[in-house]
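Good morning, and thank you for making time for this presentation. Please keep the sequence and the model in view while I speak.

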Amino acid sequence: MKKILLVGGGSGGHLTPLFAIRDAILAEAPQTKTEIWTDRKMAPAARARLANAGPVPVRTIISGKYRRYVGRKTPLRERFQNFLDIFRIAFGTLQSFFRLLFSRPDIIFLKGGFTSVPVGFAARFLRIPYIIHESDSDLGLANRLLAGHARIVALGLPPSDSLPPSLKAKAIYTGIPIDAVWFQAPRIHKTGTPNPAKPGRPSVVVLGGGLGAHSLNLEAVKMAKYFQDKVAITAIIGDKESLKLEQELQQFGVATHRFVSSAAELAQIVRSADLVVARAGATTIAELAAASRAVVLIAKATLPGGHQEKNAALLARANAVIDYDGSTLADDQLPLTVANLLADPAQRQSLGAKLHQLGRYDAANTLAKLLLDPTTGKLP
């Protein structure tokens with residue numbers, strides 16, 4: 001019986017692909033034993049997502065992260081945290097070493113992010129092969145640390161010019177694994193979420209990613225004030241959002257959902273919308289592309305490497321999304337941008353169709369085949 005370990009965490013974008021890959025592995029080889037390792041913060045979401053999936057071990061791993069930001073210095077307190085996290089990474093590597101020594105998986109899938117680093121280090125010492133996956137156009141820090149000894153470097157986007165030749169030789173463009181429900185969930189209503197009082201009113205979903213986004217939640221309040229009750233607005237606000245802001249959103253008629261662990265539920269919410277306002281995380285974009293939604297992307301500019309900004313700019317050049325400059329949110333122009341898009345069904349349809357055309361939707365199956373048999377080489 002083949003044993004495959006799936007590792008990812010820190011954010012929803014590093015966790016949710018594991019579920020799609022696991023489902024694809026079991027569809028291809030039902031007797032395969034799978035296990036998921038994640039960080040303590042994301043473990044409850046992982047267990048909730050797998051609650052009805054039978055006995056799937058979800059274990060937490062200790063790790064640290066390197067905090068750095070674009071456009072501003074790292075605060076002294078966070079620099080001290082970076083120093084302490086060196087020891088957390090060392091402890092997590094030791095923890096992973098002994099776990100892997102006894103469980104000895106045949107191969108490991110590392111989704112990137114800081115949770116993958118100690119597992120990858122330990123796997124290297126034990127000579128356990130691993131595959132890494134990078135969703136963005138350039139490798140993040142964690143994947144740069146792990147790529148040299150990876151069996152395969154799987155990419156969510158085509159290889160960029162910045163990828164070293166030594167890595168291009170083992171790079172495979174797979175796309176980003178997403179749950180199959182993003183292709184199956186029916187759209188509830190052609191023009192938006194039904195409302196008994198005002199049937200057919202347009203619908204907007206504000207999606208801040210797996211952890212939510214405070215600044216986007218504030219924009220949801222502005223939109224609710226701007227549209228009054230003429231537009232149905234739903235905000236996915238994340239577990240850490242304050243109860244005070246959630247109550248304010250509800251006061252203005254915004255439907256709120258804290259972290260949605262069910263992919264089927266989130267897909268249904270998104271596919272019912274005429275327009276989605278979202279962060280520019282790669283996994284979020286892949287899900288929205290599968291759902292053929294018209295999207296306004298607001299990249300988080302402070303992330304190291306500017307990955308979200310690059311994602312949004314790339315898609316905007318293809319006329320597949322609206323790339324909204326997050327630094328201008330204080331100008332209160334986002335509601336007007338949303339209003340103009342809601343008034344233009346042809347543009348929304350064009351945006352959704354072009355975004356869908358740019359997606360690649362066999363990623364989970366491709367990665368499952370590579371994990372089951374890494375010698376299959378470069379699959380199409």
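This is a predicted model: local features need pLDDT of at least 70, side-chain atom pairs count only at pLDDT 80 or more; totals for chains, interfaces and linings use all residues.

The strands concerned are β9, residues 232-236, and β10, which run parallel and are joined by 3 bridges. They belong to an open sheet of 6 strands with parallel pairing, in the order β10-β9-β8-β11-β12-β13. At its edges are β10 (255-257) and β13 (322-323), each of which pairs on one side only.

Helix α8, residues 214-227, lies across β8 (203-207), β9 and β11 (275-278), and runs at about 170 degrees to β9. Between α8 and β9 there is a loop, and Q228 lies in it. The phi of Q228 is near 55 degrees, a positive value in a residue other than glycine. For context, most residues other than glycine have a negative phi. Is Q228 buried or exposed? Its relative accessibility is 53%, so Q228 counts as exposed.

Let me step back to the protein as a whole. Its secondary structure comes to 15 helices and 13 strands. The protein has 380 residues, of which 52% count as buried. Among contacts between residues at least 6 apart in sequence, 62% join residues at least 24 apart.

I turn now to the other sheet that I wish to discuss. Here 7 strands form an open sheet, again with parallel pairing, in the order β3-β2-β1-β4-β5-β6-β7. Its edge strands are β3 (58-60) and β7 (171-173), and each pairs on one side only. From one strand to the next, the twist averages 25 degrees.

Strand β1, residues 3-7, pairs in the parallel sense with strand β2, residues 33-38, over 5 bridges. Within this pairing, T34 of β2 is the bridge partner of I4. Next, β1 and β4 run parallel and are joined by 4 bridges, with F109 in β4 as the bridge partner of L6. Finally, β4 and strand β5, residues 130-134, run parallel and are joined by 3 bridges. In that pairing, I108 stands opposite Y130 in β5.

Which way do its side chains point? I107 and F109 point one way from β4, I108 and L110 point the other way, and all are buried.

R104 lies in the loop between α3 and β4. Phi of R104 is near 45 degrees, again a positive value in a residue other than glycine. With a relative accessibility of 40%, R104 counts as partly exposed. T115, by contrast, is placed in the loop between β4 (107-110) and α4. Its relative accessibility is 0%, so T115 counts as buried. What is T115 in contact with, leaving aside its neighbours within four places in sequence? The residues are V7, G8, G9, G10, T38, D39, I61 and S63.

Two packed helices are described by the angle between their axes and the distance between the axes. For helix α3, residues 76-103, and helix α4, residues 116-126, the angle is about 50 degrees and the axes are 8 Å apart. That angle makes α3 oblique to α4. The crossing in which α3 passes α4 is right-handed. On the α3 side, the contact is made by I89, G92, T93, S96, F97, L100 and L101. On the α4 side, the contact is made by V117, P118, V119, F121, A122, A123, F125 and L126. The residues of this contact divide into 12 nonpolar, 3 polar and no charged.

My last item is helix α11, residues 282-290. How many of its 9 residues are buried? The count is 9 of 9, so α11 is largely enclosed by the rest of the structure. The buried residues are A282, T283, T284, I285, A286, E287, L288, A289 and A290; note that E287 is listed among them. After α11 comes S292, whose phi is positive, near 60 degrees.

Thank you; I would be glad to take questions.

Conventions
Residues are numbered from 1 along each chain as its sequence is written. Side-chain values use heavy atoms; hydrogens and water are left out. Two strands pair if DSSP finds at least two bridges between them. Helices (H or I, at least four residues) and strands (E, at least two) are DSSP runs, numbered from the N terminus. Axes are lines fitted to C-alpha atoms, for helices over the stretch in contact, and angles run from 0 to 180 degrees between N-to-C directions. Angles under 35 degrees count as roughly parallel, over 145 as roughly antiparallel, 65 to 115 as roughly perpendicular and the rest as oblique. A crossing is left-handed if the near helix is turned anticlockwise from the far one by less than a right angle, and right-handed if clockwise. Contact means heavy atoms within 4.5 Å. Ala, Val, Leu, Ile, Met, Phe, Trp, Tyr, Cys and Pro count as nonpolar, Asp, Glu, Lys and Arg as charged, and the others, Gly among them, as polar. Buried means under 20% relative accessible area, exposed over 50%, partly exposed in between (1.4 Å probe, protein chains only).
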